[in-house]
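Hi everyone, thanks for coming.

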Protein chains: 2
Amino acid sequence: MASIKDVAKLAGVSVTTVSRVLNNRGYIGNETRQKVEMAIKELDYQPNQIARALLKNQSNLIGMIVPDLSHPLFSELIHWVEAFANEKNYKLLVCNSLQESEKESNYISMLRQNRVDGIIMCSHSLEVEEYLKLSLPIVSFDRIISPSIPYVASDNYKGGELATTHLLEKNCNKILHISGPLQYDLLANRRTDAFQLTCMKKDVQFTILEGAHVKADFQSNWEFIERELANQLTKFDGVFCSNDIMAYTLYVYAIQHGIQIPEQLKIIGYDYHNFTRMLQQPRLTTVKQPLDRIGKALCSSLIDQIENEKIDDKNNIVIDVELIRGDTT
Amino acid sequence: MASIKDVAKLAGVSVTTVSRVLNNRGYIGNETRQKVEMAIKELDYQPNQIARALLKNQSNLIGMIVPDLSHPLFSELIHWVEAFANEKNYKLLVCNSLQESEKESNYISMLRQNRVDGIIMCSHSLEVEEYLKLSLPIVSFDRIISPSIPYVASDNYKGGELATTHLLEKNCNKILHISGPLQYDLLANRRTDAFQLTCMKKDVQFTILEGAHVKADFQSNWEFIERELANQLTKFDGVFCSNDIMAYTLYVYAIQHGIQIPEQLKIIGYDYHNFTRMLQQPRLTTVKQPLDRIGKALCSSLIDQIENEKIDDKNNIVIDVELIRGDTT
């Protein structure tokens with residue numbers, strides 16, 4: 001690979017002059033600039049960003065830790081974060097924690113050693129203290145880590161309220177909520193709070209079942225439903241699932257067990273990611289988290305922290321949600 | 001962030017001694033080693049991998065360029081590549097080309113400037129010459145770029161043969177194939193070759209329709225089917241689609257137009273990624289590309305090139321495929 005010295009030699013100028021042209025610094029005559037530019041082109045010279053990173057103490061790398069790269073929610077989020085990061089001249093290092101705290105911890109250490117400029121944290125298996133030790137810009141998705149670490153989330157409370165109110169308006173009065181894992185302090189759990197409060201206000205009978213499972217795939221959900229709900233499903237006339245894959249699994253389970261959707265049982269999900277949008281049978285009723293806006297907000301919140309060292313007040317960003325009416329309610 | 005000097009100061013030794021401990025080089029007494037290790041722990045010192053990369057001329061970064069990060073095929077592939085790269089102590093920089101050659105070209109330049117050790121190339125909008133100019137280890141997915149650049153692919157020919165033979169065994173005799181974009185020289189097009197040859201050998205009437213579309217989502221596929229197939233679908237009794245999302249779209253279209261699946265029309269897809277595995281209505285008949293094995297092969301082929309500079313023969317890797325019997329044939 002050609003070095004800056006090779007460029008200087010071919011152009012017949014000093015290394016300092018080449019560096020000035022590259023950085024657009026100091027006075028350079030037109031003729032000299034042209035000679036240097038031609039030499040750069042001829043040698044296909046690529047400036048060494050690693051050396052620059054060391055010099056400027058900035059790598060333009062962003063680390064992003066997610067629980068599962070192949071999950072439609074996170075792959076879509078990565079898609080949008082990458083797009084916005086690229087616009088701002090940042091590159092994305094992705095890490096898959098698989099919800100194992102040791103893996104998550106190793107990744108954080110690796111990201112620090114590689115001098116990423118900041119971390120987008122979508123995993124949550126690690127203790128809060130571990131994050132607080134980091135002296136790096138961080139933004140978290142869907143989790144309050146500490147007042148010094150801003151978060152981006154959809155309006156989970158409103159989402160829970162929308163979903164529950166929708167079931168009530170459809171005349172459900174024995175309602176079940178299948179929640180996410182409640183042992184983590186996730187903002188997604190506000191969906192559960194909203195569910196509970198909305199039912200209580202309207203004096204409607206409700207049940208909450210914790211859907212604590214690591215793998216959010218069809219098979220694990222199916223086993224969960226068989227284990228926890230098998231003979232009880234007919235007791236309910238409406239279910240609010242905290243994610244679309246659970247809602248879809250429940251739909252398939254109900255149909256196979258002779259329960260008519262939506263006549264006997266109404267089902268509403270949460271997310272509206274790629275999988276849900278492609279799904280046509282059924283078109284799920286669900287709450288849409290706008291992943292494009294969430295990805296952009298994660299990115300801009302982090303870059304803001306990176307580029308403006310002296311931010312006193314780091315704002316959390318809460319993004320509006322929307323009811324999507326499908327065939328399951 | 002603590003520097004190597006801080007560690008040396010706290011341990012009461014020289015920077016050279018700390019460096020020896022870190023790199024496990026030269027003789028260090030046990031007591032000294034312990035003092036250094038305690039100082040490292042106390043200061044939470046993280047060695048600077050960027051400086052190391054510059055010194056060793058190796059960054060342990062792998063670049064991966066895909067056409068669409070949120071597509072289930074590529075998000076699953078990234079998932080597996082990341083897992084294997086992590087085992088081998090490499091980190092993954094992901095780039096989304098969106099099938100735009102200018103974006104792909106910018107990414108390649110960016111990856112070179114960041115001194116990635118190699119590139120996994122899953123996008124294909126760029127001309128072959130552009131890749132040949134790179135003096136970097138490369139491995140490509142599903143595409144022959146040049147004899148000097150190895151590829152990893154599923155056995156596309158066998159996959160096409162399996163799919164077509166399966167339709168013939170189910171007594172189809174007016175068969176349609178919806179291919180991928182044929183303007184690119186992709187190995188996936190061997191599915192089309194195998195389709196054609198298998199039909200010819202058996203003397204069965206066949207039609208090939210090029211499904212050249214950038215966005216592999218439900219909506220674009222639907223518009224394609226309406227435009228190209230609307231009044232002709234009943235002419236066929238079997239369709240081999242070159243990807244599962246097309247197969248699913250066609251299934252939904254057929255059902256909505258009163259065509260019974262599989263009685264009147266048999267449909268087989270290709271991929272068996274996350275989306276297909278979760279889909280229960282219908283369970284698609286399809287050809288499985290094992291994305292875990294493909295991801296591992298892409299990773300190990302690239303790392304092999306990175307770590308053994310003098311490989312004369314770079315082997316292409318072709319991974320076996322499997323027929324998945326579902327409800328659509």
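A quick word on the ground rules. This is a predicted model, where local features need pLDDT of at least 70 and side-chain atom pairs count only at pLDDT 80 or more, while totals for chains, interfaces and linings use all residues. Residues are numbered from 1 along each chain as its sequence is written, chains are lettered from A and ligands numbered from 1 in the order in which they are written, and side-chain values use heavy atoms, with hydrogens and water left out.

Now, domains 2 and 3 of chain A. Domain 2 of chain A brings 13 residues to the contact and domain 3 of chain A brings 17, where contact means heavy atoms within 4.5 Å.

How much area do domain 2 of chain A and domain 3 of chain A bury between them? About 1300 Å², with 55% of it on carbon and sulfur atoms. Buried area here is the accessible area, taken with a 1.4 Å probe, that two parts lose on being put together, summed over both. On the domain 2 side of chain A, E76(A), H124(A) and D142(A) supply 35% of the area buried against domain 3, more than any other three residues.

Between these two domains of chain A there are two salt bridges; that's a side-chain nitrogen of Lys or Arg within 4 Å of a carboxyl oxygen of Asp or Glu. D142(A) turns up again, in a salt bridge with R191(A) at 4.0 Å, N to O.

Next, let's zoom in on S123(A). You'll find S123(A) in the loop between β3 (118–121) and α7 (128–132) of chain A; helices (H or I, at least four residues) and strands (E, at least two) are DSSP runs, numbered from the N terminus. Is S123(A) buried or exposed? S123(A) counts as buried because its relative accessible area is 2%, and buried means under 20% (1.4 Å probe, protein chains only). Its side chain makes a polar contact with the side chain of E104(A), at 3.0 Å. A polar contact is a pair of N or O atoms within 3.5 Å; within protein, one must be able to donate a hydrogen and the other to accept it, and residues adjacent in sequence count only if both atoms are side-chain atoms.

Over in strand β3 of chain A sits G118(A), buried at 0% relative accessibility. G118(A) is 184 residues from L302(A) in sequence, yet their C-alphas are 6.7 Å apart in space. Leaving out residues up to four places away in sequence, G118(A) touches several others, including L61(A), P137(A) and I306(A).

Last stop, the two chains. Here 51 residues of chain A are in contact with 51 residues of chain B. Chain A and chain B bury about 5100 Å², and carbon and sulfur atoms give 58% of that.

Conventions
Buried < 20%, exposed > 50% of the residue type's maximum accessible area, 1.4 Å probe, protein only.
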